[in-house]
Amino acid sequence: MIEAELKVRVRHPEGVVRLLEQRAAGRSETYRDTYYDTPEGTLAREDRELRLRTITGADGTRSVLTYKEPRVDDASGSKPEYETGVDNPEAVHAALSGLGYVTAIAFEKHCHNYDFEAHGRRVLATLVRVPELDGTFLEVEALARDGELDTALTDVRAVLGELGFTDQDVTAELYTEALAARRAR
């Protein structure tokens, strides 16, 4: 599957929350993300990602290992991705370290997620705050099969439009890159 996702910077989060709550009940979760790479940075150079995410919320804690292939759409940054649940994140960390991977970057995101149906597909809208970065972001995503990425992105853009955003609001800024730049100062 390909994650058809667009991200915008949110100037007035309260208004967006009101509109999202008309569609679905939100749930607050904290994501602890660790991105791995080779010591030489091979994955980043090839636009691939290997991430271990631990999600903590009202329903408990769960972890997910994700591998993302290079982007298939430069404007959105959409990538084919493969995910699997992880029962023991410490064991996965040990295995990845043993295979020669190192922590490229680790950080925390505070998320408020809204799952709903729009334009005939499941959509996840997530308001995101990264404590080390300024501002609030909104990520809207839908999963797409090969050959339907353009249609899925059109549906995601339509949801963003319904929430008051335009294509000019879309940002391709990556949290990992913004955090690496900030930490390098």
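User: Over how many bridges do strand β4 and β5 pair?

Analyst: This is a predicted model, in which local features need pLDDT of at least 70 and side-chain atom pairs count only at pLDDT 80 or more, while totals for chains, interfaces and linings use all residues. Residues are numbered from 1 along each chain as its sequence is written, and side-chain values use heavy atoms, with hydrogens and water left out. Strands (E, at least two residues) and helices (H or I, at least four) are DSSP runs numbered from the N terminus, and two strands pair if DSSP finds at least two bridges between them. Strand β4, residues 60-68, runs antiparallel to β5, and the number of bridges in this pairing is 6.

User: Which residue in β5 is the bridge partner of E3?

Analyst: Strand β5 covers residues 79-86 and pairs in the antiparallel sense with strand β1, residues 2-10, over 2 bridges. In β5, the bridge partner of E3 is K79.

User: In β6, which residue is the bridge partner of D33?

Analyst: Strand β2, residues 27-37, and strand β6, residues 102-118, pair in the antiparallel sense over 11 bridges. In this pairing, the partner of D33 in β6 is F107.

User: Which residue takes a positive phi in the hairpin of β6 and β7?

Analyst: Strand β7, residues 121-129, runs antiparallel to β6, and 9 bridges join the two. Their hairpin has 2 residues between the strands, and the residue with a positive phi, near 55°, is H119.

User: How many charged residues are in the lining of the largest pocket?

Analyst: On a 1 Å grid over the protein atoms alone, a pocket is an open set of points with protein on both sides within 12 Å along at least five of seven lines, and lining residues have an atom within 4 Å of a point. The largest pocket is lined by 43 residues, and those nearest its centre include E3 and K68. Asp, Glu, Lys and Arg count as charged, and beside 14 nonpolar and 7 polar residues, the number of charged residues in this lining is 22.

Methods. 1 Å grid on protein atoms, 1.4 Å probe; cavity = no way out; pocket = protein on both sides within 12 Å on 5 of 7 lines; lining within 4 Å.
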